[in-house]
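Open the model in your viewer and keep the selection tool ready. The tour goes from single side chains out to the whole chain.

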Amino acid sequence: QVHLVESGGGLAQTGGSLNLSCKVSGTFFGGATVSWFRQAPGKQRGLVASIHSSGSINYVDAVKGRFTISRDNNKNTVFLQMTSLQPEDTAAYYCNVQRYLAGVGYTDDWGQGTQVIVSS
């Protein structure tokens with residue numbers, strides 16, 4: 001069973017920084033695409049950043065130049081460094097692992113979420 005545990009959320013001021021991490025267990029982490037999503041109150045969950053097993057990275061336009069996603073395959077952990085935080089970054093942040101299973105296709109597993117609040 002895949003298990004994801006996020007940590008690092010909290011309260012920051014506008015212009016401040018926070019670092020999120022997500023420890024993954026129960027799967028071959030090195031072969032998975034791992035991502036960060038976020039969901040603000042009353043809004044749909046949306047992609048923030050993703051990093052493929054090849055190292056290819058994708059960011060949503062709203063965070064380009066401010067957020068950095070990285071992974072440590074030896075520690076089965078994905079990170080999200082967030083700088084120049086803005087009130088609109090306030091949301092619950094979720095770690096996602098996407099795997100390809102033969103005969104099944106792509107599957108998604110989610111963490112429980114960690115709250116980020118940016119005060120103005």
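Select Tyr 106 first: this residue is exposed, at 60% relative accessible area. Exposed means over 50%, buried under 20%, and partly exposed in between, with a 1.4 Å probe and protein chains only. The model is predicted, so local features need pLDDT of at least 70 and side-chain atom pairs 80 or more, while totals for chains, interfaces and linings use all residues. Numbering starts from 1 along each chain as its sequence is written, and side-chain values use heavy atoms, without hydrogens and water.

Now show the rings. Rings of Phe, Tyr and Trp (its six-membered ring) pair if their centres lie within 6.5 Å; planes under 30 degrees apart are stacked, over 60 edge-to-face, the rest tilted. That rule gives two aromatic pairs. In one, the ring centres of Phe 37 and Trp 110 are 4.9 Å apart and the planes meet at 70 degrees, so the pair is edge-to-face. Phe 37 sits in strand 4 (residues 33–39) and Trp 110 in strand 10 (residues 105–110), 73 residues apart. Tyr 100 and Tyr 106 also pair edge-to-face, with 5.1 Å between centres and 65 degrees between planes.

Phe 37 is buried at 18%; Trp 110 is partly exposed at 37%.

Switch to cartoon. Count 11 strands and zero helices. These are DSSP runs numbered from the N terminus: strands (E) of at least two residues, helices (H or I) of at least four.

Finally, zoom out. Of the 120 residues, 43% are buried. The C-alpha atoms fill a box of roughly 50 × 25 × 25 Å along the principal axes.
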